[in-house]
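Q: I've got this one open in the viewer. Can we walk through it together?

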Amino acid sequence: MDRRTFVKSTLLLGGAAAFPSLRIYGKGLVTAPPDAYDVFRAPDASYHPFVRWWWNGNKVRPSELVRELRLLKEAGIGGVEINPVKFPGDTDDLGIASLEWLSDEWIDMLKVAFDECKRLGLTCDLIVGSGWPFGGMFLEGDERAQMMVIGVKKLQGPMRYETSVFNLLREADPAIQEPYAGRTAHLVALKLVENPLTRLEGITDISEKISDDNIYVDIPAGSYALYALVRMDSFGSVINGAPGSDGPALNHLNRAAVEKYLTHMSDAIARRIGSPLSEHMRAFFVDGWELDGANWISDMPEVFKRRNGYDIMPYLPLTMYKMGGMGSVADYRYGADMSPELRDMFNRMHYDVEVTEAEMFRDRFCLPFAEWCRRQHVLSRVQAYGRGFFPLESSMYVDIPEGESWTTNWLQHRIGEEMSNEDYRRGRAYTMVNKYVTSAAHLTGKRLVSNEEMTNTYRVFNMTLEFLKLGCDQNTIVGITHSVLHGFSYSPPEAPFPGWIRYGAYYNENNNWWPYFRYFNEYRARVCSIVQNADMYTDVAVLPPLGDQWSTLGMQNEPFPAVITAPYQSLLWEAMNKNGNGVDYVSEPIIREAKVSKGWLHCGKRKYSSLFLIETERIDPDTLAVLHKFVAAGGKVFCIEKYPSQSLGWNSHAARDEEVRRWVEKLKAFPNRFVLLRKPDDNDFVRWYPAVQRDYGVTPFVTIADPNPYVMVNRYLRDDSTEVFFFINSHLHNDYRTTVTFPPTTVAGKYPWVWDLDTGKRYRIELDRQGAFGMYLGPVDSRVIVFDREAKGAPWRPLPVTGDKLQTLEGWDVELRHSIEKTQETTRMEKPTDLKDTKYVHFTGTAVYRKTITVPDPEGATLNLGKVYGLSEVKINGVDCGVTWYGNRLYDVSGKLRAGKNEVEIHVVTTMGNYMKTLTGNKVAQRWVNRPGRPQPIQSMGLVGPVTLYQSNINNNTTL
């Protein structure tokens with residue numbers, strides 16, 4: 001398919017291409033948007049989080065499948081992604097036999113799950129194959145993944161160098177995450193290269209020597225590099241593949257093999273079940289395309305020459321680097337040194353190789369997969385990234401694009417405790433690729449954007465609902481609208497404690513917080529009911545420097561790139577968001593298909609008034625031609641640090657370089673709209689960006705008086721003209737006060753409301769004449785402000801965080817109810833103390849704090865628990881006052897207290913990690929809390945306080 005034709009057709013089709021007359025809303029494919037508040041108040045199951053449901057080792061039985069689905073339903077889960085996976089190590093399997101993937105017995109279990117999901121009103125997705133990347137022992141020959149790599153020997157002549165094919169193959173052999181035992185290596189080409197290389201004549205092809213087992217090379221005087229070009233066949237296995245779908249990984253560049261694999265799966269299931277798959281499931285799911293460096297198929301040279309106009313094979317080794325794990329570059333200085341002219345030549349060729357590879361992956365895997373799903377009349381849900389793919393466009397042609405977020409590096413990255421300007425990963429739960437995924441959804445009009453939510457391969461027993469909320473809120477800001485939690489392990493109750501754990505945050509009925517899990521799920525469902533039924537507003541586009549990166553650094557393995565050009569690029573869109581602008585990423589192909597009208601750049605389903613180029617040195621001249629039209633029509637283009645100065649790729653590069661320079665000079669004729677900006681020296685883009693807004697008229701959709709690195713906001717537009725603003729504070733410990741001001745276009749003719757994400761209730765608020773009000777956000781807090789045409793309602797009366805007649809409550813009798821050992825112990829604390837600082841450091845369960853207090857006047861009384869590590873419940877005189885599980889722990893106790901003596905009882909439910917560290921004989925526990933090199937530190941637990949009781953005239957409390 002022609003490159004330009006593909007992008008244009010994708011932008012025109014948008015989402016749900018299999019059902020062009022319908023639009024994806026939260027409940028699936030419906031013909032009209034639901035009433036916003038009715039859905040928000042009581043969101044149905046489709047808005048609730050789903051879980052990845054690991055069928056550990058395919059050791060599944062019908063009664064247990066039914067039990068677990070009912071357990072999930074009761075906890076407020078809305079759907080499952082059935083995910084067969086390798087059985088976890090060091091785990092007692094109870095002697096239960098594994099079922100082979102796609103066997104009649106396995107499909108019968110699938111039918112049990114399908115039927116029970118239907119009965120319970122749960123949605124069902126199914127992963128393709130198992131593990132990642134998918135494959136199987138039934139694959140043969142070039143149906144299995146291949147890669148091309150290099151090995152280089154640095155030599156000093158004159159000498160006669162003796163080596164063997166085996167030694168050269170060993171030098172080239174990369175680090176494979178899951179090597180396949182039957183892999184083979186083939187020496188494809190040998191080149192002797194002058195070092196440093198300053199002329200093409202310094203490359204000598206000596207491939208004729210490959211036929212000999214022992215290779216002898218006469219090295220002239222001087223320094224040389226011997227390049228071995230090596231093809232690895234069947235090199236990798238499915239990672240964590242379940243029985244029947246383990247073995248060699250599929251070659252995703254082999255369209256016939258892809259279609260054979262997919263058809264084999266769908267035919268086997270449909271034949272056994274006896275009814276269309278669309279009657280039982282929503283979507284087929286493909287996990288991230290972590291192909292471990294797969295990059296080759298036999299016809300790639302032919303395809304490359306057809307698409308790029310020259311033969312790459314004589315130069316291919318010189319365009320390559322030493323490959324390491326996951327296909328990442330292990331050494332950029334591995335081969336011969338080169339003159340600047342030849343380095344530029346091979347960088348340009350390297351770019352052509354990367355683009356051709358990405359196009360072939362698109363045409364031979366991505367598109368056939370989407371087409372196969374349409375033939376099954378189910379949706380495609382895909383983590384459309386890895387290494388070798390277009391990070392933006394790949395998510396444009398699936399029905400439900402998916403991102404991911406991680407808690408694995410929570411210690412190093414201190415999520416909720418810092419928001420670094422030096423390292424874009426620190427403080428963020430979302431991965432960088434999520435912005436590509438959500439932008440692709442926006443460009444194609446998709447509202448359903450899923451996320452592998454809070455991937456957990458480390459913090460298994462120390463995850464809290466509060467931390468889960470923090471990560472999910474951050475991902476909502478990026479543009480995620482649908483949570484798939486990572487994950488729920490199939491684990492029969494008779495399995496020895498703590499059960500069968502593949503990964504995940506110990507989503508299990510034995511987790512202390514499981515009885516309270518529904519509070520998080522109800523919260524998340526309300527958020528998703530809003531964002532799945534509205535369009536996230538974006539009016540600023542950012543062009544990441546992918547052309548420069550692919551030319552000089554190569555493709556990276558998403559979502560964990562080893563290196564990137566301009567590492568601050570995600571800091572830029574964050575700063576824009578924190579200052580009230582909505583942002584999408586775009587790409588050059590998308591810009592080239594854009595339409596320009598009245599100062600707006602119309603890209604697919606979106607339009608942008610401003611475009612930022614991040615240190616873009618290399619660019620296609622046709623892209624600049626469109627940008628010239630845009631700027632001439634009144635649009636703004638900002639070039640950070642440098643103007644573009646050269647073209648991409650090798651063919652006719654000199655002429656195209658000149659075109660780039662001419663277009664840049666034409667753009668400079670608009671100095672107020674084609675602007676060179678210097679980035680802040682300290683990368684504090686949050687403080688830097690307001691001056692750009694002010695100096696160049698970049699208008700925010702909301703003004704935040706004192707932008708804060710932890711506070712972010714999105715704006716959403718519904719089809720009925722309702723506007724929604726979603727604010728978050730992602731600091732675990734600190735609160736935030738500011739003034740926010742909404743523009744007249746939002747306020748005119750509408751009335752502002754707070755929609756309570758915990759209760760589903762709504763309350764009217766009042767703005768001043770400038771459309772402003774004071775906003776307060778507690779730690780890990782979030783606030784939804786809605787502007788609609790409803791005029792009347794109860795006023796918003798939030799509980800105050802402090803007040804009059806304040807008492808600090810001290811002197812607590814504490815009962816420790818151990819959840820695993822089923823023991824109880826009592827102690828006395830004059831001041832509440834973090835349990836990690838006491839002899840109860842290894843406790844797990846519920847800590848109950850009791851105290852008798854005297855209250856002269858209970859009217860307007862609020863109880864503030866202060867700092868709590870865990871979720872909390874309060875009872876006053878035996879009357880339940882509710883549960884709080886994140887942020888400020890405030891309770892309205894005015895109706896529960898009486899004048900005189902009162903009994904206060906506070907329950908705090910703790911995490912389990914500190915206790916699990918003591919189970920030294922439990923291999924499952926130790927694998928997660930005492931991993932070699934990554935032991936988990938002792939966690940804070942319990943009530944820390946200070947606990948205060950105060951009164952306030954809440955009728956005068958106007959801070960939100």
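Predicted model: local features only at pLDDT ≥ 70, side-chain atom pairs only at ≥ 80, totals over all residues.

Q: Okay, and which residue in β32 is the bridge partner of Thr739?
A: Gly774 is the partner there.

Q: How many bridges join β29 to β32, and which way do the two run?
A: There are 6 bridges between β29, residues 736-741, and β32, and the two strands run antiparallel.

Q: What sheet is that part of, and in what order do the strands come?
A: An open sheet of 3 strands, ordered β26-β29-β32, with antiparallel pairing. The edges are β26 (703-704) and β32 (772-777). Each has a single partner strand, so one side of each has no neighbour in the sheet.

Q: Is β32 largely enclosed or left open by the rest of the structure?
A: Largely enclosed, because 5 of its 6 residues are buried.

Q: Let's switch to the sheet with β20 in it. What's the strand order there?
A: β20-β21-β22, an open sheet of 3 strands with antiparallel pairing. β20 (595-597) and β22 (606-608) are the edge strands, each pairing on one side only. On average, neighbouring strands of this sheet are turned by 30° against each other, direction ignored.

Q: Which residues in β22 stand opposite Leu601 and His602?
A: Leu601 stands opposite Tyr608, while His602 stands opposite Lys607.

Q: Which residues of β21 are on the covered face, and which on the uncovered one?
A: Leu601 and Cys603 make up the covered face, and Trp600 and His602 the uncovered one.

Q: Helices next. How do α11 and α12 sit against each other?
A: Their axes come within 10 Å and cross at roughly 10°. Angles under 35 degrees count as roughly parallel, and α11 and α12 are therefore roughly parallel to each other.

Q: Which residues meet there?
A: On the α11 side, Leu465, Leu468, Lys469, Cys472, Asp473 and Thr476. They meet Phe517, Phe520, Tyr523, Arg524, Val527 and Val531 in α12. The contact residues divide into 8 nonpolar, 1 polar and 3 charged.

Q: Is Glu143 buried or exposed?
A: Buried: its relative accessible area is 12%, and the cut-off for buried is under 20%.

Q: What is Glu143 in contact with, leaving aside its neighbours within four places in sequence?
A: Phe138, Ala249, Leu250, Asn251, Asn254, Ala257 and Lys260.

Q: What about Arg661, where does that lie?
A: Arg661 is in helix α17, residues 653-667. Its relative accessible area is 39%, which makes Arg661 partly exposed.

Q: How are the C-alpha atoms of Arg661 and Cys528 separated?
A: By 47 Å, and the two residues are 133 apart along the chain.

Q: Now zoom out. How many helices and strands does the protein have?
A: 21 helices and 47 strands.

Q: What does its radius of gyration come to, against a compact globule?
A: The protein has 30 Å, and a compact globule with 960 residues would have a value near 30 Å, so the two agree. The C-alpha trace spans about 100 × 75 × 55 Å along its principal axes.

Q: What share of the residues is buried?
A: Buried residues make up 64% of the 960.

Q: Last one: of the contacts between residues at least 6 apart in sequence, what share joins residues at least 24 apart?
A: 81% of them.

Technical notes
Residues numbered from 1 in each chain as written. Heavy atoms only, no water. Buried < 20%, exposed > 50% of the residue type's maximum accessible area, 1.4 Å probe, protein only. Contact = heavy atoms within 4.5 Å. Pairing = 2+ DSSP bridges. Helix = DSSP H or I, 4+ residues; strand = E, 2+ residues; numbered from the N terminus. Axes fitted to C-alpha atoms, helices over the stretch in contact; angles between N-to-C directions. Parallel < 35°, antiparallel > 145°, perpendicular 65-115°, else oblique. Nonpolar A, V, L, I, M, F, W, Y, C, P; charged D, E, K, R; others polar. Rg over C-alpha atoms; globule rule 2.2 N^0.38 Å.
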